Amino acid sequence: MNKKLYVSNLAFTMDDGTLEGIFAEVGSVVSAKVITDFRSGRSKGFGFVEMSSDGEAQDAIKKLNGSEIMGRTISVAEARPQEPRENRGGGGGGGGGGYRGNSSSSSRGGEYRGGSDRYSRDR
């Protein structure tokens, strides 16, 4: 059965292929993924490697945990199962109302289309 490992303190220039190559020297790698920032695409400094067996995963931990890779001392441990995420509200599109800055619809330069008179632009 495959065993997933958590690898931290990776160099920010590390990519999936390099990570896979490092662990392939120890055993059979099923997958290797460096986690990146959504906006910048830059590595977050950690990743996951899936080894093909528990024995190979344990070998990888023994041989690579605490080793220096690309100038950084990496940590390798068994990955914990991902916890379910809470529904944080939000999502699904955006708000409503708000200031409309379409000057062609009004001589005032726009109008407020919100829910309360207390924020009206007509004051």
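User: Let's start simple. How many helices and strands does the protein have, and in what order do they run?

Analyst: The secondary structure comes to two helices and eight strands. Going from the N terminus, the order is β-α-β-β-α-β-β-β-β-β. Keep in mind that this is a predicted model.

User: What do the overall numbers say about burial, surface and contacts?

Analyst: Of the 123 residues, 24% count as buried. The accessible surface comes to about 8800 Å², and carbon and sulfur atoms hold 44% of that. For contacts, take the pairs at least 6 apart in sequence: 51% of them join residues at least 24 apart.

User: Where do I look for the core, and which elements build it?

Analyst: A nonpolar core is a set of buried nonpolar residues joined through side-chain atoms within 4.5 Å. Here the largest one has 20 residues, and those with the most contacts inside it are L5, V7, L19, F23, V49, M51 and V76. Two or more residues come from each of strand 1 (3-8), helix 1 (16-24), strand 2 (29-36), strand 3 (43-51) and helix 2 (54-64). Helix 2 gives the most, with four residues.

User: Say I click on M51. Which residues is M51 in contact with?

Analyst: Skip the neighbours within four places in sequence, and M51 is in contact with N2, K3, L5, F23, G27, S28, V29, V30, E56, A57 and A60. Two of the names on that list, L5 and F23, are also among the residues with the most contacts inside the core.

User: On to helix 1. Which residues are buried there, and why do they line one face?

Analyst: The idea is to look down the axis and see where the buried residues point. In helix 1 the buried ones are L19, I22 and F23. Down the axis they fall within an arc of 90°, so they line one face of the helix. Those buried residues pack against strand 1, strand 2, strand 3, helix 2, strand 4 and strand 6.

User: Now the strands. Which strands does strand 1 pair with?

Analyst: For pairing, check who sits across from whom and which way the strands run. Strand 1 and strand 3 run antiparallel and are joined by six bridges; in strand 3, F48 is the residue opposite Y6. Strand 1 also pairs in the antiparallel sense with strand 6 (residues 75-78), over four bridges, and there L5 stands opposite E78.

User: And how many bridges hold strand 2 to strand 3?

Analyst: Six bridges, again antiparallel. A32 has V49 of strand 3 opposite. The two strands form a hairpin with six residues between them, and G41 in the turn has a positive phi of about 80°.

User: What about serines: is S43 buried or exposed, and what does its side chain reach?

Analyst: S43, in strand 3, is buried, at 5% relative accessibility. A polar atom of the S43 side chain lies 2.9 Å from the backbone nitrogen of G45. Beyond four places in sequence, S43 is in contact with A11, F12, M14, V34, I35 and T36.

User: Why does S67 count as buried, and where does it lie?

Analyst: Buried means under 20% relative accessible area, and S67 counts as buried because its value is 17%. S67 lies in the loop between helix 2 and strand 4 (68-69). The S67 side chain reaches the backbone oxygen of L64 at 2.6 Å, and beyond four places in sequence S67 touches R72, T73 and I74.

User: Last one: is E68 buried or exposed?

Analyst: Exposed, at 59% relative accessibility. E68 lies in strand 4.

Notes: Residues numbered from 1 in each chain as written. Predicted model: local features only at pLDDT ≥ 70, side-chain atom pairs only at ≥ 80, totals over all residues. Heavy atoms only, no water. Buried < 20%, exposed > 50% of the residue type's maximum accessible area, 1.4 Å probe, protein only. Contact = heavy atoms within 4.5 Å. Areas by Shrake-Rupley, 256 points an atom, 1.4 Å probe, with all protein chains shown as cover. Polar contact = N/O pair within 3.5 Å; in protein donor to acceptor, adjacent residues only side chain to side chain. Pairing = 2+ DSSP bridges. Arc of directions from axis to C-beta.
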